[in-house]
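Trainee: Can you take me through this chain? Please start with the overall layout and then go to single residues.
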Amino acid sequence: MSVQLTEQAFNPWQILQTHESQLEARYGKGHWGAASHFIGTMRDLNEGDSVQAMFLEHYPGMTETYLKKISDEALQRWDILDTLILHRVGTILPGENIVLVAAWASHRGPAFDACRYLIEELKHRAPFWKRETLPDQARWVSENTPA
C-alpha cells in the first residue's frame, strides 16, 4: 500500500511504472493479472463558471491517516495485492493531475471494485477542502461532483 500527498505536479504513468517495478521486485513477474487505475485532472469549468485555479487544502496527518484507512479497507474487502493513492494538495491549475488511485489483483473484478471504492471514498469523505479561483472571485466548493 502506498499513500502520498504532494504539492508537485506528477506523471501518473511514471508513478504506475515505478510502483509496478517495486511490486515485481517484491513478488516477482506475473504475480497479478489486473491493474485498475483512475486519474483525475482539474477541469477549467465548474457549476457553469470558468475556473482559473484551485487551492486544495488538507489537514496534515489526518488526511494521510484517512487515505491509509480506506486502502486497508480495500485490502480487506477484496482479493487484491496492493493499492496506491497519490493526491495533490496546494495550488492546482486546469489540466493538471489531481489524483491517482490504483489497485492490483489476480483478476479484473476485484481490481475494478477496489479502485472504484478508493476514489469514491476519497472524493466523498477524505478531509480535503477546495477553493476555486474564478475570474472575479474565489469560492469554497461545498459539494463534490457526482460520479
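Trainee: In what order do the elements of the chain run from the N terminus?
Mentor: The order is β-α-β-β-β-β-α-β-β-β-α-β-β. That comes to three helices and ten strands. Helices are DSSP runs of H or I with at least four residues, strands are E runs of at least two, and both are numbered from the N terminus.

Trainee: How does the radius of gyration compare with the globule rule?
Mentor: The chain has a radius of gyration of 16 Å, close to the 15 Å that the rule gives for 147 residues, so the chain is as compact as a globular protein of that length. The radius is taken over C-alpha atoms, and the rule is 2.2 Å times the number of residues to the power 0.38. Along the principal axes, the C-alpha trace spans about 55 × 30 × 25 Å.

Trainee: What sort of model is this, and how are residues numbered?
Mentor: This is a predicted model, where local features need pLDDT of at least 70, side-chain atom pairs count only at pLDDT 80 or more, and totals for chains, interfaces and linings use all residues. Residues are numbered from 1 along each chain as its sequence is written, and side-chain values use heavy atoms, with hydrogens and water left out.

Trainee: What share of the residues is buried?
Mentor: Of the 147 residues, 41% count as buried. Buried means under 20% relative accessible area, exposed means over 50%, and partly exposed is in between, with a 1.4 Å probe and protein chains only.

Trainee: And contacts: what percentage join residues at least 24 apart?
Mentor: 74%, among contacts between residues at least 6 apart in sequence. A contact means heavy atoms within 4.5 Å.

Trainee: On to helix α3. What span should it have, and what are its ends doing?
Mentor: Helix α3 covers residues 108-125, and at 1.5 Å a residue its 18 residues should span 26 Å. The expected span is 1.5 Å times one less than the number of residues. The end C-alpha atoms are 25 Å apart, which agrees.

Trainee: Which residues of α3 are buried?
Mentor: A111, A114, C115, Y117, L118, I119, E121 and L122. Those buried residues pack against β2 (34-41), α2, β6 (80-88), β8 (97-105) and β9 (128-133).

Trainee: R125 is in that helix too. Buried or exposed?
Mentor: R125 is exposed, with a relative accessible area of 53%. Its C-alpha atom is separated by 14 Å from that of V141, 16 residues apart along the chain.

Trainee: What about T63, buried or exposed?
Mentor: T63 counts as buried, because its relative accessibility is 0%. T63 is found in helix α2, residues 62-77. Leaving out residues up to four places away in sequence, T63 touches L5, H58, P127 and F128.

Trainee: Now the loops. Where does E7 lie?
Mentor: E7 lies in the loop between β1 (2-6) and α1 (12-27). E7 is exposed, at a relative accessible area of 58%. Not counting residues up to four places away in sequence, E7 touches R88 and V89. The C-alpha atoms of E7 and I98 are separated by 9.8 Å, with the two residues 91 apart along the chain.

Trainee: And E47, what is its phi?
Mentor: Phi of E47 is near 55°, a positive value in a residue other than glycine. E47 lies in the loop between β3 (45-46) and β4 (49-50). E47 counts as exposed, at 59% relative accessibility.
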